[in-house]
Amino acid sequence: SGDALYNCVPGADLTCPDECTSLTACNECGCVAEDVGGGPWGSAMDVILCLLPIIFLLIATLVPRPLPTTTSLPLAALVMFLVRTMYLGSDPLLCCASVISGLHEALSPITIMGGAILLFETMEATLCMPFMMREIKVLTSGHALSELMLIFCFAYMIEGASGFGTPVALSSPMLVSLGYPKFESVVTMLLMNTFATIYGAAGTPIWFGFGNLNLDQSSLIEISYKGGIALAFSAYLLMPFVLMYACSWKLLRQNFVFFFLSLTTCVGPSLGLSFAAYEFPSLIGGMIGCCLTSILIFKKVGLKDYVDDEDKKDDSGRSHPMDAENEATSADDASETKKVDIAGTVGPNNSIHIDEGGQEETGVSNAESIEIPQQPDEEPDVEEPETGKFQNSTGSSIIMDEEKSSLRASDHAIDMQLGERKKVGEGYVKEIIGRTFPLWGTVLILIITRVPQIGLRAILTAKEPSFSIFFQTYGTFKCSASLVLQLENILTYPNLNWKYELLYVPSLIPFALVSFITMGIYRKDLQSSPGSILGVVIGRLKNPAVALFGALILVQLMINGGSAAPATIIGGTLSEAFKEGWIVVAALIGALGSFFSGSTTISNLTFGEIQEIAAETIGLDSTAMLALQAAGASAGNGVCLNNIISACTVVGLNVGEGKVIGKTFKVVLGFCIISTLSILAFFFRFN
């Protein structure tokens, strides 16, 4: 029929579908008829059934025994496939091609995650991370607020470099090793991480998360700074409540000038950079924050000299201001809320051992323990008479990660491995520069490869010259001289393509490159062989990879198909019903995506097109709506099950995920409300 809509490959004769007279001739046109959208039971049932995979994910996540994402996400993708083929009547070729596309699209986040894990495993194996931990302890002298703000800036920077839950899994043990209770450490880091994930892993949630929307560079920058404004407002208003999970209000009030200045040194540069780029705000903002906060601590700007003995203990037995009821920590959690609580036992030769579940274990071999001097009747924290500084106990230790379950070195063991701290003039500056190379080297390479004026970006992303291989009905594979991999017209479906920029995606460059350079520089300090490190990376990628394959197949099934795509049906129908009221739920939808998927990027991929369609339907600025989606997705990391499980495992904390969410969801809700109000005031009202 001449009224039909067709999707044709580039260069095809657009009149062919209407003029062909045989099946063979029509198949040679290179066009397919587009579905008009909707099933036989009306728009209400269309929305309900298109949302069925999301509803399934919610139920699977919230039940007392939740399904792991390695199971729930692939099952959700299967449900969506069945909805499209059995109810919406979508083209089966399109549905199958979307599955193939999703499998290929998962390569980007998987390789980024793998590169990030490789970098931080390398930092551990080369003693760069223990060196940084020692410097933090020496610099802060046990001052609770200075420790917390320095760790915040550090986690902010790590989010910019890696994302995908790395900052929470890395920084929670750092807090525990500094003497904070395990439960409060996990809650604090989950919430701190919410202020940075829009720009995580070199901006992946923006450039990849919204990549299916075909936005130009200026639109992505708009999303970047609009989301940055929402994050900044939320950080200034909510960070005091976040900090009070780990320190007292008295301490925060006495050192409020330092808190404000430290937060500004991190969030301020990040916000400023968001107006120019979306790859660097968290990474460079966190790095600047670490440097300037260190100076503030060293110069004692706005910082009281003395830290009360209760500053880290105080929170374990009192209610947080955002808690609805005054509940003390229960007896069964007592072992998790002591000032310095390390799950383990003193074994032979005064050694300490920690197992994966944080349970006591005796009869430990020397290979599984670290020797520390035993000091009878020593209090965990002591005050030095000469300086009045608050000192943490030596011998604190934590679980390094859930695979190796190795013991993080105590202060004494770190000194044994690294040697005594060097003084200025005795190689200290050189050691600082060398040991922090994995971080500043990553930043430098990202800047060189991302700034358009330098010219490397265009080279690394060039699609031509290229060669192609025709894989029959699977698609046409192309590889350019810059190693840009493409698969065009997947399963012969027109314009359903995949692209992977091997040298531009932040995996080989900079993560793998910096990792191997670091191994070369500190090859004599390597605690594990390069092969062992790569083995750990592969082991840690297995479960996330399965979940990402399921998530990306679900996303492709939701967004492909034009007006018949489930994302279009959901966005168009609900926005027509909600009108301007959609703004109220936009951020919450983003948070929901992070809750069940474990990723700001996947949340943006899943709901980005729905948010864009909703904005266009009700006549609002689509980039502001997408910024609100991104801000909500960032907030949702505070209740993300993947992050909670990872953080609890790595510190040896045995509590239900529901108890952690019970503490974090109030801040997450506040984050969504503040983000909505800030976007509404600055962009929607005056649009």
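Let me begin with a question: which side chain meets that of Glu501 in a salt bridge? The partner is Lys499, with 3.5 Å from N to O, and by a salt bridge I mean a side-chain nitrogen of Lys or Arg within 4 Å of a carboxyl oxygen of Asp or Glu. Glu501 is buried, with a relative accessible area of 13%, whereas Lys499 is partly exposed at 37%; here buried means under 20% relative accessible area, exposed over 50%, and partly exposed in between, using a 1.4 Å probe and protein chains only.

Before I go further, please keep in mind that this is a predicted model, in which local features need pLDDT of at least 70 and side-chain atom pairs count only at pLDDT 80 or more, while totals for chains, interfaces and linings use all residues. Residues are numbered from 1 along each chain as its sequence is written, and side-chain values use heavy atoms, with hydrogens and water left out.

A search of the whole structure finds seven salt bridges. One of them joins the side chains of Lys226 and Glu222, at 3.1 Å from N to O, and both residues sit in helix α13 (residues 217-243), four residues apart, which is about one turn of the helix. Lys226 is buried at 3% relative accessible area, while Glu222 is partly exposed at 26%. Together with Asp621, Glu222 and Lys226 are linked in a network of salt bridges.

Another pair is Asp525 and Arg435, whose side chains meet at 2.8 Å, N to O. Asp525 lies in the loop between α21 (511-521) and α22 (530-559) and Arg435 in helix α18 (residues 428-435), so this pair ties together parts that are 90 residues apart in sequence. Asp525 is partly exposed, at 22%, but Arg435, at 5%, counts as buried.

Finally, let us turn to helix α16. Helix α16 covers residues 281-299, 19 residues in total, and reaches 26 Å from its first C-alpha to its last, close to the expected 27 Å, where the expected span is 1.5 Å times one less than the number of residues. Its buried residues include Pro281, Leu283, Met287, Cys290 and Ile297, and what covers the buried residues of α16 includes α8 (128-140), α9 (144-161), α15 (256-274) and α19 (437-450). Just after α16, Lys300 takes a positive phi of about 55 degrees.

Conventions. Helix = DSSP H or I, 4+ residues; strand = E, 2+ residues; numbered from the N terminus. Contact = heavy atoms within 4.5 Å.
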